[in-house]
Amino acid sequence: MEIERKLLKRSSLERLVDMMRSDGNMIYAPQKKETQVVFDTIETFADMTEDYIVSNQSPKFVAFPKIEKILDFSISQEGIRQEGTQLAAFPPVVVLGCRPCDADGFDSLTAIFNWDYKDELYNERLKRTTLISISCAQKDDYCFCTSVKGHPGSTRGSDILLTRFDGGDYLAEIVTEKGKALTEKYAALFEADPGIEKDKFLAEVKPRFEVEGLVQKCMGMFEHPVWIEQSLRCIGCGACAYVCPTCACFDIQDEAAVSKGERIRCWDSCGFGLFTIHTSGHNPREVQSQRWRQRVLHKFSYMPERLGVIGCVGCGRCSRACPVDMNLSEHLINIAEV
Amino acid sequence: MDELKQKAKELLEKQQVAVIIGYAEGTAGRTRAVFALKPEDSEKLIFDERCKQNLAVYLMKHEVKHLGRRGIVATIPVMRSILQVASEYQLTEADVHVLGITPEGKLIEFDGFKPMEHWLSGQDVGLSAGEKDELAKLDGMSMEEKWAYWKDELSRCIKCYACRAACPMCYCIRCFVESNRPQWIPIAANDLGSFEWHILRAMHLAGRCINCGECGRACPVDIPIHLLTFKGVMDVEADFGVTAGLDAGMESLLSSFKPNDKENFIR
């Protein structure tokens, strides 16, 4: 649909939060908690912070939680009983204040979770989620969205994109049908297009590499020594994968007592030694350099090739969170140059 | 640190080491580990107060280990890690050349572990005043308050295992959390799974932790997880008079028995 532009005054946004909440929505927004900016539920607009670059962890958990129950089971003399998760019980969720890169991340996740099997848990959660993003007026050295087809004011992936302008009011760009339905429901809060020049209120993020060329190059780099060089200092934790808005790997576990239990899925990471180990004991990715290669090639070769999307939105979280300063954009520039 | 660069260059030129593990400038004002493989790589080496990562973690890393003899820029926590893992038969004097850095920032070299042990015996290796204060605050809490405190802190845990990966003493190729036939501890980062993981890790480090604090620095969600193992450092000192990482010949505290141990259930 064609993007509609409206004015959403700051006072109207405050009211919107109250109204959406009283209509039963769970509203997740960024909040400052000690040293971190985290997405958590808010009760009023005042609970939210606007002074942040990106949250420490991505908001992907609203559709892909760190632990998700798949089914309950019990075993008795009558047999085995299974009961799947009640999809209808998932609450309607609004994510307010995610960044354009975060919204972009959901597009990558959706591609993964619908590649072959249609993942109903993810799809159902996302279906009930409305993304009201706020474009970026600030950036830091780790941001590189413009190198991976993103932009501080990109509307892609968002249902509504807000851009704050002089005085604290917002330009609201209504991107999807879901966004449109929301503006129609709360129509009194949305006013006529303020007619501002949006770009004036956006951070400037200079592109660092040319991604199409990089994707092409990655296809022939499986045996390149660069993976060993780059990953010598990688210690093999999962921090990068767990803060990443597009990493989708999970591990299925049965947590059971004697006769009943639940099947859950938990975040997993290709950086872990156990990730690809076979029953025989053989591990095709025995060392960290092979796992690092997998991480980069999955995002910049396999996903573009199979799913038509780049598996990276340039949010820079992996590099901020990395305990040993593995800086993804620096490594990508290096790969483009070798 | 021109002296450090010069020394590293010499060692690489004379092929006395295959690699020097040190610190270099990183991104956004951070420092990072660097692996100097050629004499000219020594130019990248730096040392200043930002260089905190415990580099000893790399001595046991597969790809680094297989390079050959390793030179390492070593502050006190790195030296102590080396002695500790040596006492656990993971490293010998032949594997490592220590380029020590004193608390004053001076280069100091040791001919083997004995002189390093001797020098360390004259250094303050205890917890800092600030770290002791943090522990005292926890000790002052009631059992219920401690439970609530850790429940809140651990609720942020995402089980990325950065605490484990950053720790030189966590060198096991297959950690107990990876024992999955059957699963020893829950994989899920829920209350049970996170508590079990962190309590078991703290127990595995009792008598082994050298209080570098790397686990807490590595945590991407800022859980002060080092306080658990620091508590173990204090308890082990109080109960057994043992300080880890000062003696390459030390017996493993939790798997050795001495007639004068306070507990006598094992007799």
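Twenty residues line the largest cavity of this predicted model. Those nearest its centre are A:Cys234, A:Cys240, A:Trp292, A:Arg295 and A:Met326. The volume of this largest cavity is about 220 Å³. Four helices of chain A, namely α7 (239-243), α8 (288-307), α9 (317-321) and α10 (328-337), each supply at least two residues of its lining. The largest share comes from α8(A), with four residues. By residue class, the lining of the largest cavity consists of eleven nonpolar, seven polar and two charged residues.

The second largest cavity has a volume of about 120 Å³. Its lining has 17 residues, and A:Cys101, A:Cys136, A:Cys143, A:Cys145 and A:Pro152 are the closest to its centre. Here the lining divides into eleven nonpolar, four polar and two charged residues. In total, the structure holds eight cavities of 30 Å³ or more.

In soluble globular proteins, nonpolar side chains tend to be buried together. The largest nonpolar core in this model has 134 residues. Within this core, the residues with the most contacts are A:Phe300 and A:Leu332 from chain A, together with B:Ile20, B:Tyr58, B:Leu59, B:Ile82 and B:Met116 from chain B. Helix α3 (residues 76-87) of chain B gives the most to this core, seven residues. The core lies between domain 1 (2-121) and domain 2 (129-242) of chain B, because both domains give residues to it.

B:Leu59 shows some of the surroundings in detail. Apart from neighbours within four places in sequence, B:Leu59 is in contact with B:Ile21, B:Lys65, B:Arg70, B:Ile72, B:Ile82, B:Leu91 and B:Val96. A second, separate core has 23 residues, among them A:Ile27, A:Val94, A:Ile134 and A:Tyr186.

Definitions and conventions: Residues numbered from 1 in each chain as written. Chains lettered and ligands numbered in written order. Predicted model: local features only at pLDDT ≥ 70, side-chain atom pairs only at ≥ 80, totals over all residues. Heavy atoms only, no water. 1 Å grid on protein atoms, 1.4 Å probe; cavity = no way out; pocket = protein on both sides within 12 Å on 5 of 7 lines; lining within 4 Å. Points joined across faces, edges and corners; volume = space filled by probe spheres on them. Nonpolar A, V, L, I, M, F, W, Y, C, P; charged D, E, K, R; others polar. Core = buried A, V, L, I, M, F, W, Y, C linked by side-chain atoms within 4.5 Å. Buried < 20%, exposed > 50% of the residue type's maximum accessible area, 1.4 Å probe, protein only. Domains from an automatic or database assignment. Contact = heavy atoms within 4.5 Å.
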